[in-house]
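Work through these exercises with the coordinates open. Each task is followed by a solution in steps.

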Amino acid sequence: DKAHDGAWDSATHVNTMQQQEIDERFRQAVIMLHAGKYDYAVTALHRVLELSPDMPEAHVNMGFALLGQGHPGVARNFFLGAIELRPRQANAYWGLAVSLEELCDLKGATGAMRTYLHLADVDDRFLGKARAAIWEWEAAAGTAAVEQEEDGSEPAAKQQAACTVSR
């Protein structure tokens, strides 16, 4: 019936317009993120997440925008949200690793980056950087363990102190 078709057309139109807004805002956010305009990226991604709360890519990009703003704890939560939505979202593990490093959790950062390596494509251009980060974090953990043997302190406490001093 004609009235029913009109209702369906109206609903379809609304859904189409909403999807177009999601796509446009997401594209804007990516451009702003790459340009280092983190405040604008956060604003655009906030709208994307209002319209599409189950979009893991929006959670990941919000995490990177928040890292850019200097909020690693909040960023970590967005990366974890993306992982909850899509457990094989490789770049969410990369972001999680970076946020954990900034929060001085090198053990957690190493674990997240190892997961990234496991999920990443063989031709991923960030594999070398990921392996270097793991090497660096494991070397830092090894240094903390050696120092613990020398003075009896806990490696985690030394690592935390070194991280706090270096920041």
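**Exercise 1: Aromatic pairs**

A search of the whole structure, which is a predicted model, turns up 3 aromatic pairs. Task: classify the geometry of the pair formed by Trp94 and Tyr116.

Solution. 
- Step 1. Take the ring centres: Trp94 and Tyr116 are 5.0 Å apart, centre to centre. The cut-off for a pair is 6.5 Å.
- Step 2. Take the planes: the angle between them is 75°. Planes over 60 degrees apart count as edge-to-face, and the pair of Trp94 and Tyr116 is edge-to-face.
- Step 3. Place the residues. Trp94 belongs to helix α5 and Tyr116 to helix α6 (residues 106-119), so the pair ties together parts 22 residues apart in sequence.
- Step 4. Check burial: Trp94 and Tyr116 are both buried.

**Exercise 2: A second partner**

Task: state which class the aromatic pair of Trp94 and Phe126 falls in, and which parts of the chain the pair links.

Solution. 
- Step 1. The centres of Trp94 and Phe126 lie 5.6 Å apart, with 55° between the planes.
- Step 2. The class is tilted.
- Step 3. The pair links distant parts of the chain. Trp94 sits in helix α5, and Phe126 in the loop between α6 and α7 (127-151), 32 residues apart.
- Step 4. Compare accessibility with the 20% cut-off for buried. Trp94 has 13% relative accessibility and therefore counts as buried. Phe126 has a relative accessible area of 32%, so Phe126 is partly exposed.

**Exercise 3: A contact in the loop**

Task: find what the side chain of Asp124 reaches.

Solution. 
- Step 1. Locate Asp124: the loop between α6 and α7.
- Step 2. Classify Asp124: at 24% relative accessibility, this residue counts as partly exposed.
- Step 3. Follow the side chain of Asp124 to the backbone nitrogen of Phe126, at 2.6 Å.

Key:
Residues are numbered from 1 along each chain as its sequence is written. This is a predicted model: local features need pLDDT of at least 70, side-chain atom pairs count only at pLDDT 80 or more; totals for chains, interfaces and linings use all residues. Side-chain values use heavy atoms; hydrogens and water are left out. Rings of Phe, Tyr and Trp (its six-membered ring) pair if their centres lie within 6.5 Å; planes under 30 degrees apart count as stacked, over 60 as edge-to-face and the rest as tilted. Helices (H or I, at least four residues) and strands (E, at least two) are DSSP runs, numbered from the N terminus. Buried means under 20% relative accessible area, exposed over 50%, partly exposed in between (1.4 Å probe, protein chains only). A polar contact is a pair of N or O atoms within 3.5 Å; within protein, one must be able to donate a hydrogen and the other to accept it, and residues adjacent in sequence count only if both atoms are side-chain atoms.
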